[in-house]
Amino acid sequence: GMGSGDGGGGSGEDDYADDDYDDDFEEEEEEEEEEQEVGELGQCSLGDGADADFGIDADADRGGKAGERADGCVKAMASFVSDSEQWTVQIQGFLIQHCRTFEVVNDGEEQLEWYEIHREFCKLMEDLLEQELSKLGVGVEEFIGRLNASSHASASDEFLNAVLGLEDYVHFKQHCLALKMDLLGVSLPPDTLDAFASKS
């Protein structure tokens, strides 16, 4: 009789463990679904007209999900500057088109034209970012706030490195010179660059 008693006890414990596991699993699944939603949609705005009382809404009905929403937005923009074809084609196209203009100068005399090119480049970058942000329904100022508030460090770093690095003239010029060297090192047919430049 004892054997079966033990068996009964054993299966009772198993049931308990199973229940416990199921509960955990369901909770995790729910959390994952929420995260995916944030990632895919960028969750940047609460819909039209909700922006005005954004902070209140976020805390009232989402239980403090404002941080996550900011992260969704930052992640969306980080992936825009690292993965999107539009960004790559426009930005790389511009760099390839203009990098041959840059020269190494030993006496520190930078040409005015180079500063002009950099200014143009920053404008292009800003336009692309603003277009993308407007799709997500977020203003530039608000996005900068979210970037600062984001707990998703790797996404915000990725974004900042991609964008802020190139906003700095010295860094931008180094990037152009490196690209120029790469292009000179690759024996492309002479019209390749022009073909690429005319596309952008």
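The model I am working from is predicted.

**Overall fold**

I looked up the secondary structure and found nine helices and zero strands. Read along the sequence, the pattern is α-α-α-α-α-α-α-α-α. I then checked burial: 31% of the 200 residues are buried. For contacts with a separation of 6 or more, I noted that 76% join residues 24 or more positions apart. I put the accessible surface at about 12500 Å², with 50% of that area on carbon and sulfur atoms.

**Largest pocket**

I read its space as about 290 Å³. The lining has 14 residues, and L129, V140, I144, F159 and E167 are the closest to the centre. I traced the lining to helices: α5 (112–136), α6 (140–149) and α7 (153–167) each give at least two residues. By class I logged ten nonpolar, one polar and three charged residues.

**Second largest pocket**

Here I noted about 180 Å³ of space. Its lining includes W87, I91, N161, H171 and H175. Which helices each supply at least two lining residues? I found α3 (66–83), α4 (85–98), α7 and α8 (169–185). The largest share, five residues, comes from α4. I logged the classes as six nonpolar, six polar and no charged.

**Side by side**

I see α7 named for the linings of the largest pocket and the second largest pocket. Charged residues number three in the largest pocket's lining, whereas the second largest pocket's lining has none.

Key. Residues are numbered from 1 along each chain as its sequence is written. This is a predicted model: local features need pLDDT of at least 70, side-chain atom pairs count only at pLDDT 80 or more; totals for chains, interfaces and linings use all residues. Side-chain values use heavy atoms; hydrogens and water are left out. Helices (H or I, at least four residues) and strands (E, at least two) are DSSP runs, numbered from the N terminus. Buried means under 20% relative accessible area, exposed over 50%, partly exposed in between (1.4 Å probe, protein chains only). Contact means heavy atoms within 4.5 Å. Accessible areas come from the Shrake-Rupley method with a 1.4 Å probe; for residues, only the protein chains shown count as cover. On a 1 Å grid over the protein atoms alone, a cavity is a set of points where a 1.4 Å probe fits but cannot get out, and a pocket is an open set with protein on both sides within 12 Å along at least five of seven lines; lining residues have an atom within 4 Å of a point. Grid points are joined across faces, edges and corners, and a volume is the space filled by probe spheres set on the points. Ala, Val, Leu, Ile, Met, Phe, Trp, Tyr, Cys and Pro count as nonpolar, Asp, Glu, Lys and Arg as charged, and the others, Gly among them, as polar.
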